[in-house]
Amino acid sequence: MNKLKIDKLLFARVNMLSGKDECECIVYANDFERTKKILNKNKIKILNEYLCIKAFRVKLNRGAILSLSMVSQIKFISAISKVQTLMHVAKDILGVKDSHLTGEGQTIAFIDTGISSHLDFYLGQNRLIFFKDFVGEKSLCYDDNGHGTFVAGVASGNGALSCGKFCGVAPRSKIISLKALDRQGEASADKILNAMEWVYDNYKKHDIKVVCMSFGSEALGLNDPIMNGAESLWQEGVFVVSAAGNSGPEYQSIKSPGVSNKIVTVGGFDDNRMGDVFDEKFFEIANFSSRGPAFKRFKPDLVAPAVDVISCGVKKRLC
């Protein structure tokens, strides 16, 4: 056994396994194809392949995990974590209300709980160009939680239903919705990785410029699969934005993938406004917003309004 190649959370789970009991994990490869042959040779069923991070999702018992940790072609074995979901005045505060930066010609992919058929995404022009469901495998768009629709509205809503009052920061951007989180706003890491792999395979085809990930999980160290997936997209030239998390005010509470130094991590602040009136001297970090540092680096990279923000909602299931 090479304990250095097994992450701490998985090692704790391994010690609780007995006999042929199995747990899902992520196997990182030094050599993708050779590792695949090794897994097949040992009759280990590959549940998913993640070329973006050169890894496989598999089910392994205690003996298999310990044995594979000794194989040179295998780089690391990680547990599968669970992620959770974490504007008119806001645009004034950010100084973008009258900006010429409207998102025209840009495509944003949202990995979230889905998106509803809200008119702020359709009226004037249908800007929802693609929807994929990694949870229920449905073909028509839906959002059984509401978080994904809210986030998409903050970024890309055009304010059609409010005569332009509640308008997102990029109201002309095209939208791709990738539903990877369920109705409780939760997902195991493999669902998130499936969505990231889809972006990795299709960002050129759909000209995806930005990926928004407004969720977080407990970071599993430098080999955290969600963080590595986000970094692989960044390295391909996709601008990756992640929420810092809602675990403040404690320090070192940034969630994955926001712990990465390669992507942009956004924390939240409270503008303490009275109605529509605000004063910068009363701005403060929101109590719930996660704090850094992360891996001894300053995080988050920036903060944005996070209290009393109005965006698109879901009144009922439309599909």
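Modeller: Let me start with pairing: two strands count as paired if DSSP finds at least two bridges between them, and strands (E, at least two residues) and helices (H or I, at least four residues) are themselves DSSP runs, numbered from the N terminus. The model is predicted, so local features need pLDDT of at least 70 and side-chain atom pairs count only at pLDDT 80 or more, while totals for chains, interfaces and linings use all residues. Residues are numbered from 1 along each chain as its sequence is written, and side-chain values use heavy atoms, with hydrogens and water left out.

Colleague: How do you know that strand S5 and S11 pair?

Modeller: Strand S5 (residues 82–85) and S11 share two bridges in the antiparallel sense, and because the definition asks for at least two, they qualify. Thr85 has Phe215 in S11 as its bridge partner, and Gln84 stands opposite Gly216 in S11. S5 also pairs with S9, in the antiparallel sense and over three bridges, and there Lys82 has Ser188 as its partner.

Colleague: What makes S9 and S11 edge strands?

Modeller: The order of this open, antiparallel sheet of three strands is S9-S5-S11. Strand S9 (186–188) and strand S11 (215–216) each pair on one side only, and that puts them at the edges. Helix H6 lies across S5, S9 and S11, running at about 85 degrees to S9; such angles, from 0 to 180 degrees, are taken between N-to-C directions of lines fitted to C-alpha atoms, for helices over the stretch in contact.

Colleague: Which residues make the covered face of S5, and which the uncovered one?

Modeller: Val83 and Thr85 form the covered face, whereas Lys82 and Gln84 form the uncovered one.

Colleague: Why are S2 and S4 said to stand at the edges of the other sheet?

Modeller: That open sheet has four strands in the order S2-S3-S1-S4, with antiparallel pairing. Strand S2 (46–50) and strand S4 (74–79) each have a single partner strand, so one side of each is left without a neighbour in the sheet. Neighbouring strands here are turned by 30 degrees against each other on average, direction ignored. Helix H6 (residues 189–202) packs on this sheet, touching S1, S2 and S3 (contact means heavy atoms within 4.5 Å), and its direction makes about 45 degrees with that of S2.

Colleague: What makes S1 mostly covered, and why is Leu123 called partly exposed?

Modeller: Six of the eight residues of S1 are buried, where buried means under 20% relative accessible area, exposed over 50% and partly exposed in between, with a 1.4 Å probe and protein chains only. Leu123, in the loop between strand S6 (107–112) and strand S7 (128–133), has a relative accessible area of 46%, so it falls in the middle class.
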